[in-house]
Amino acid sequence: MKILDRYADTSSWSYHIDEDYYAELGRVSALFDEDWPEPGPAALYEATTLLTREARLIDDGRFNHWLELFSDDCLYWVPVAPGGGDPGTEVSHAFDDRRRLTDRVYWLRTGLAYSQIPASRTRRVIGNVDVLEFAADSRLVRSNFVVHEFRAGVTKVYAGWYAHTLVKAGQDWRIKVKRVNLLDSEQYHENLTLVL
Amino acid sequence: MPRQKSAAGGARKAAAKSRWSDRVLEDKVHRTLYTDPAIFAQELVKVFGGQSWVYLAHESQLPEPNSYLSLNMGLRPLLLTRDRDGELHGVFNRCAHRGATLCRDESGTAKSFQCPYHGWTFRNTGELVGVPWPGGYGQDFDRSKFGLRRVNRVASYRGFIFGTLNDDAVSLAEWLGPATGWLDYWIDRAPGGEVLVRSCAFRMGFRGNWKLAYDNAGDGYHPAFSHRSLLQMAARMGDAKDMSYFGKTPDDGPMKSYMLGHGHSVIDQRPAYGGPGSFWANQRPQPGREKFEELIRSQHPDDADTLLDLCVGSQINLSIFPNLLIIGNQVQVVEPLAVDRTQLTWHATTIGGVPAAVNTMRMRTQEDFPAFGEPDDQANFEEVQRGLAVAEDEWILMNRGLGTGWQEITEDGAVRTAVTDELHMRHYYQEWMRLMEGEPV
């Protein structure tokens, strides 16, 4: 996606989230519900490596490094509607472009977010990784997750599946969209301020 | 406060003789009202529908004939239905036979409900229409005596549906009183007054008593402290946004709160704002904000500021006792689950009569405070609940504003005061005592 020079710093500006962005999000999201051909070993290896690295950065609380995994036009998306729904007419637990995601990391690190005092300890297991080589510079990755969280004397478990859209940036892959599909996304949750 | 009859002062006489008057004092309330399961059990019967009105749902959640919603009135499972003519009915989701719930889905359309346990079938208005093998009942079995237990009265005010089990309760309009004018403002922000509650909901839970949420809803004292993380984040890119005005001269600033009788109250943040476009200008930036604003200003030059403001909250916090909180553009429902566990359901709204992109931007705005503001409040509610375990430290204070002379009576009988006055609590506890009168159930 071409981002205008004036708005190039997407941690401060959000000119690029427009009608076309939502339309593409919907088109790509639908592909995650389809059956995919078996992935090649290289693509599967690269995807698994990235997911493992991302998981470690979150679980170690290295959120600034986590942020660096995302592209400038990224989206961290935790829908409320099971299956994703329509973000044009429905709210999400998180619908973070780069600016809001930067805010989220900043917020977590203020030391003043009482919902994160004490901070969540998390550890996640990711499996059932599947990859679609969508285009030369783009891959879709779906995986299942179990996130264990301990905070303020309470241990909780979150389960669901991730839908990652990856884009090539030089030699590396960046996360363009991370959609977190919680099994019980529309149900009762206490303090959903952990990074999923 | 002047000695004059007002919506807020009317219940004062009841306080003197209430059997709760040793636990609800003028300036403080006893911890057991937040910790005692026996008191909670009474509240969930008396305060939540037994004596007076309680909010149930919004009409847009029941969009067509034979729509139904499964919800709770207090802890009672309830089906709110429309019949084939579109009329509203409240019937308990409890089979007249052996008590099983009839309907286990959250919403849908159905002309009738068949109990999954023994197959008794009821119309969506509650009448029993059939039982399997009726020959097993005697000749005098009268189906008309075994309908579903109905909510005595169901009524709505401009889409907001309330119910009560008390035939003698005052009319809904009388009970809402001056709150109707504030609801009107909130509804009529939408061109044509059409509000739709069909945009998903955050079902946020906390381990604390339900009244901690109600206490907070009318509290203009806490934002500068409880929301420090949000305020600091909002300053990340320079100028202060969002609720930073709560941190400046909170006692004598331009914002006011109003006691509306029957435990209802409202905080009016609008005096902290300027003219059209100022709600939008003060809102923390949402995804897509810059392109959207450019489009709205070029395509709707005459009413751009109005459309932009509609993407942002109403700047009133209206609390309708005991369980309806209008905050921003959201309809929040307080759903007690146990004495120390509560669900706060934040229903997102869209409106009619505006470009689709305005409603999309409303979604992005309505994600902001629930993500970065509300969780810190709820963490504090939970820590209050923990603190209240100190049995020897018996009282919760609500004395801020006493002896200040801040309060004055308005023309419609409301009491106006500073947003940092804890009158909101003193006020609703009078209604709480009125509803909790009588012997324990």
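A salt bridge is a side-chain nitrogen of Lys or Arg within 4 Å of a carboxyl oxygen of Asp or Glu. B:Arg341 and A:Glu190 form one, with their closest N and O atoms 2.8 Å apart. That distance lies within the 4 Å limit, so the pair counts. The model is predicted.

**The interface of chains A and B**

The rule finds 7 salt bridges across the interface of chain B and chain A. It also finds 31 residue pairs in polar contact there, both residues being at pLDDT 80 or more.

Several elements of chain B each supply at least two residues of the side that touches chain A. The strands among them are strand 13 (201-206) and strand 19 (341-347). The helices are helix 7 (223-226), helix 8 (228-234), helix 10 (289-299), helix 12 (356-366), helix 13 (368-372) and helix 14 (374-387). Strand 13 of chain B gives the largest share, 6 residues. By type, the residues on this side of chain B are 18 nonpolar, 14 polar and 15 charged.

How many residues are in contact? Chain B has 47 residues in contact with 40 residues of chain A. The size of an interface is often given as the accessible area lost when the parts come together. Here the area buried between chain B and chain A is about 3,900 Å². Carbon and sulfur atoms give 53% of that area. In chain B, three residues lose the most area to chain A: B:Arg236, B:Glu290 and B:Phe372. Together they account for 16% of what the chain B side buries.

Strand 11 covers residues 160-164 of chain B. B:Phe162 in strand 11 is the bridge partner of B:Tyr55.

| Strand pair | Sense | Bridges |
|---|---|---|
| Strand 2 of chain B and strand 11 of chain B | antiparallel | 4 bridges |

How values were computed
Residues numbered from 1 in each chain as written. Chains lettered and ligands numbered in written order. Predicted model: local features only at pLDDT ≥ 70, side-chain atom pairs only at ≥ 80, totals over all residues. Heavy atoms only, no water. Contact = heavy atoms within 4.5 Å. Buried area = accessible area lost by both parts, 1.4 Å probe. Polar contact = N/O pair within 3.5 Å; in protein donor to acceptor, adjacent residues only side chain to side chain. Nonpolar A, V, L, I, M, F, W, Y, C, P; charged D, E, K, R; others polar. Pairing = 2+ DSSP bridges.
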